[in-house]
Amino acid sequence: MSTPISDMHEGHTVRGRYDTQPTVPLPPGERILRGADAWQAAAALAEDRHVDPVLLVDTYPGVDLRELTAQISTALPEWTIVDVESAARPLAEIEQLIAPNLTDDRVFGVMSHFVLTDFYDSARLEDLAATTGPRTVVLGWGATLLRERLVARPVTVLVDLARWEIQLRQRAGATNWRADNAGEDNLRKYKRGFFVEWRVADRHKRTLFESVDFVLDGNAIAPAEPHPDSPDAGMITGDAFRVALQNASSRPFRVVPFFDPGVWGGQWMKSLIGLDPSKANYAWCFDCVPEENSLLLEGEGGVIELPALDLVFSRPVDLLGAKTFARFGAEFPIRFDFLDTMDGGNLSLQVHPLTDYIQNTFGMHYTQDESYYLLDAGDDAMVYLGTKEGIDREEMLRDLAAAQDGDHPFPAEKYVNSFPARKHDHFAIPAGTVHCSGANSMVLEISATPFIFTFKLWDWGRVGLDGIPRPVHLDHGARNIQWDRDTSWVTENLVGQVETIHADGEVTEESTGLHELEFIETRRHWFTEGANHDTDGTVNVLNLVEGDEARVVSPTAAFEPFTVHYAETFIVPAAVGPYRIERTEDSRSPRFATVKAFVRGSRMSDN
């Protein structure tokens, strides 16, 4: 859906349309199957393939198996449904196995390297395969583990699910895979998914992409009673899935943003993007986090929602570029999100782990470097950044520890620098730098992707929206604070680092950072009519930070023109090469600006 937004640009009120449901086209003529038609098509293919037809329906953990079973039973009443998860190892054994990865911490665990067969009893899988007769649906996470054990050549269906949808279900009481933890702290549920289940699930589903026969939208298989006007879950063929992702990797696109409230949340997004006015606030918008965002594939019969990670996994070189893929693997390394504190409060005072620390402690291979780009700012907006010169570090740590009882507020101004923040300012925040965005700011956060590794040092005496104090990790933080990031160092290295790269007529290209310790480089292009770009062999992530509406065009007509609106983040895959961003006929803004991020050293011209 598109909703009106407005913003003041150089005294002119302009209007754009921030699209909260952007879509990616399916190949022409591809039809989305729904309801009984979908399952009957899968069954018909299985019967064409073998006299003893079998369907293997492999689900991402978090899919509502009860509802899915009911839908299949209704569509295929003559088929027998078998639960593959009956062959899983006992829950107590699995929990003992993964306990070292979960740790006792509420938020942080250790990245796992398990594979799905670690959670299954091989002998029981063999027995299950031996007793699987014709017209059987094998259902659950790991159904395709039976594929090589069956005489028949089965038809495979992948039921996929976005991580953001999993989080919403867990907040509503859903459990982790086969766990009895409906009432557990949501942060602990998320930790179990992030460090264990989703890593295993992603390794598993990547093995299916090249051969899967059908893909079903698990987001639409609602655990609660769906709205009577809601369409049945959509299913597409494996060929349509593969071609759609191939096409998406050669043209600009947007992932589906999601919005979340917070204790410090503000009102900018609610009023300008047109979000639900009944909500108290919105703190975050994750509009380019492919680990958690979705893609909406649109074709005949509506849309189907699939994880954006499927594109990263299936087309990594086309999407990321050869050098970026060589460095990061099939992982999208750049994250764009919004932090809205307009009429809200300060973020927590925090620090992110150094690379060596995150590798040795949590098993992540790169860390959470950040930056704050100010989309908008109130007159009193500020950014806390770095420690003040001449402070006593031990005294600061003692005061932080004392503040955790809620009765002794931490005197942040005594120890931490604060800098005025104005619209279009850009602050670099390499890992190890104490920082915090203040109230009355609208921040476009341009960062590395490992997005949960925030060590809160002080949370201004607040509790979370659930009434529970938000977790503070002072011990972790103390081991990562870089005390030499003091006033003079921060002023010289992290604040106001704008350099003109090229000025040609109505186009000015600027470097706005980031610091040399960070792997992300950012460029800002100001223009009135249009500006030329080139991916130069690496993925580009951009946001239209000034101007109401622009379009991305190919100089060789390699893709259809792609329209973007103010504040929208969009991705230009490495495979695109040259492209141009220009005003549209409906644009009314006097000038435009985009901020572009890419991986430093990953451009082919850097050779």
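This is a predicted model: local features need pLDDT of at least 70, side-chain atom pairs count only at pLDDT 80 or more; totals for chains, interfaces and linings use all residues.
Reader: OK, and where does Arg 153 lie?

Author: Arg 153 sits in the loop that runs between strand E7, residues 136-140, and strand E8, residues 155-160.

Reader: Which residues does Arg 153 touch, leaving out those up to four places away in sequence?

Author: With those sequence neighbours set aside, Arg 153 touches Arg 49 and His 50.

Reader: And how many Å apart are Arg 153 and Asn 540 in space?

Author: From C-alpha to C-alpha the distance between Arg 153 and Asn 540 is 42 Å, and in sequence the two are 387 residues apart.

Reader: Let's switch to sheets. In what order do the strands of the open sheet with E3 come?

Author: That open sheet has 3 strands in the order E3-E13-E14, and its pairing is mixed. Strand E3 (24-25) and strand E14 (302-307) each have a single partner strand and stand at the edges, so one side of each is left without a neighbour in the sheet.

Reader: What about E13 and E14, parallel or antiparallel?

Author: Strand E13, residues 294-299, pairs with E14 in the antiparallel sense, over 6 bridges. Leu 297 has Ile 304 of E14 as its bridge partner, while Glu 298 stands opposite Val 303 in E14.

Reader: How many residues are between E13 and E14 in the hairpin?

Author: The hairpin leaves 2 residues between E13 and E14, and in the turn Gly 301 has a positive phi of about 105°.

Reader: Zooming out, how many helices and strands does the protein have?

Author: The protein has 16 helices and 33 strands. Its radius of gyration is 25 Å, close to the 25 Å that the globule rule gives for 607 residues, so the protein is as compact as a globular protein of that length. The C-alpha trace spans about 75 × 60 × 50 Å along the principal axes.

Reader: What share of the residues is buried?

Author: Buried residues make up 58% of the 607, and the accessible surface of the protein is about 23300 Å², with 49% of that surface belonging to carbon and sulfur atoms. Among contacts with a separation of 6 or more, 78% are between residues 24 or more positions apart.

Reader: Last one: how many Å apart are the mean positions of the positive and negative charges?

Author: The mean positions of the 55 positive and 93 negative charges are 1 Å apart.

Definitions and conventions
Residues are numbered from 1 along each chain as its sequence is written. Side-chain values use heavy atoms; hydrogens and water are left out. Helices (H or I, at least four residues) and strands (E, at least two) are DSSP runs, numbered from the N terminus. The radius of gyration is taken over C-alpha atoms; the globule rule is 2.2 Å times the number of residues to the power 0.38. Buried means under 20% relative accessible area, exposed over 50%, partly exposed in between (1.4 Å probe, protein chains only). Contact means heavy atoms within 4.5 Å. Accessible areas come from the Shrake-Rupley method with a 1.4 Å probe; for residues, only the protein chains shown count as cover. Lys and Arg count as positive and Asp and Glu as negative; His and the chain ends are not counted. The place of a charge is taken as NZ of Lys, CZ of Arg, CG of Asp or CD of Glu. Two strands pair if DSSP finds at least two bridges between them.
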